[in-house]
Amino acid sequence: MATLLARLFLFTWLILPFCATEKARQRERALRQRDADYIERCTGRDMGSQNCTRNRTEASQPFHYNGCMQGPAGTPGRDGNPGTNGIPGTPGFPGRDGLKGEKGECVRESFEEPWKPNFKQCAWKSLNYGIDLGKIAECTFTKMRTDSALRVVFSGSLRLKCKNACCQRWYFTFNGAECTGPLPIEAIIYLDQGSPEFNSTINIHRTSSVEGLCEGIHAGLVDVAVWVGICPDYPRGDASTGWNSVSRVIIEELSK
């Protein structure tokens with residue numbers, strides 16, 4: 001009987017400290033688990049929420065680890081290094097069509113060819129036209145552009161003879177009409193009344209010219225003619241054109 005009691009006392013003496021130590025360890029593990037759950041639950045949340053607010057008893061009691069009071073929070077750490085770029089995302093969906101724009105203006109570009117000289121000369125060895133009224137000579141010309149001008153020149157001998165005062169007029173026509181762009185192209189010879197003995201013998205032929213520019217003539221064939229006629233309000237005399245010499249008409253198209 002004494003031996004049994006001795007063995008029981010020895011067992012109790014060995015087991016009781018072990019059980020106390022095991023209970024203390026279990027209690028410490030429970031406290032750590034509670035703190036870990038609290039930190040995990042309240043990290044990034046509102047600390048004033050219901051789930052993150054401890055009761056008054058817990059709030060008044062500091063956290064303990066291994067029987068020691070938890071110290072104050074440490075200084076925040078430095079920012080970490082920037083992370084590497086992520087993988088590019090997939091392309092997005094195409095956007096919607098934009099609003100319809102306003103109607104534009106149609107602009108046509110015109111490419112004109114470089115200007116090329118365009119001229120013509122008609123010549124006669126001896127016209128010897130003694131008419132006082134009518135067409136003297138004609139020269140047909142091909143005009144290339146409508147917006148150009150024609151320069152015309154007549155060169156030849158002219159004469160006017162009369163016993164009394166007289167006047168004759170030499171002028172150009174274009175397709176049968178005198179120039180209107182801007183005014184007619186003409187030249188006149190006037191003789192005043194002199195002494196009867198001299199007026200009957202004056203017969204001077206002089207090489208003269210009639211020239212000018214005419215605008216507003218359409219492109220195409222143009223009949224250019226030289227005429228002789230009377231001066232308004234004056235009697236006509238005895239006219240002569242192209243006596244004993246070469247007469248010529250020069251036509252040139254000029255760019256404006």
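## A tour of a sheet and its salt bridges

Start by selecting Arg 151: with a relative accessibility of 30%, this residue counts as partly exposed. Keep in mind along the way that the model you have open is a predicted one.

Stop 1: Is Glu 211 buried or exposed, or does it fall in between? Its relative accessible area is 45%, so Glu 211 is partly exposed.

**Stop 2: an open sheet.** Next, show strands E4, E9, E6 and E7. Together they form an open sheet of four strands, in the order E4-E9-E6-E7, and the pairing is antiparallel. Which strands lie at the edges? They are E4 (134-143) and E7 (186-191), each of which pairs on one side only. Looking across the sheet, you will find neighbouring strands turned by 10 degrees against each other on average, ignoring direction.

**Stop 3: E6 against E7.** Zoom in on strand E6, residues 166-174, and its partner E7. The two run antiparallel and are paired over six bridges. To get your bearings, pick Gln 168 and look across to E7: the residue standing opposite is Ile 189.

**Stop 4: Arg 169 and two glutamates.** Stay here and select Arg 169. Its relative accessibility is 13%, and since buried means under 20%, Arg 169 counts as buried. Now bring up Glu 178, which makes a salt bridge with Arg 169, their closest N and O atoms lying 2.6 Å apart. Glu 178 is partly exposed, at a relative accessible area of 30%.

Then select Glu 186. This residue also forms a salt bridge with Arg 169, and here the closest N and O atoms are 2.3 Å apart. Glu 186 belongs to strand E7 and Arg 169 to strand E6, so the pair ties together parts that are 17 residues apart in sequence. With 43% relative accessibility, Glu 186 counts as partly exposed.

**Stop 5: a network.** Salt bridges with shared partners join Arg 151, Glu 211 and Glu 252 into one network.

Key
Residues numbered from 1 in each chain as written. Predicted model: local features only at pLDDT ≥ 70, side-chain atom pairs only at ≥ 80, totals over all residues. Heavy atoms only, no water. Pairing = 2+ DSSP bridges. Axes fitted to C-alpha atoms, helices over the stretch in contact; angles between N-to-C directions. Buried < 20%, exposed > 50% of the residue type's maximum accessible area, 1.4 Å probe, protein only. Salt bridge = Lys/Arg side-chain N within 4 Å of Asp/Glu carboxyl O.
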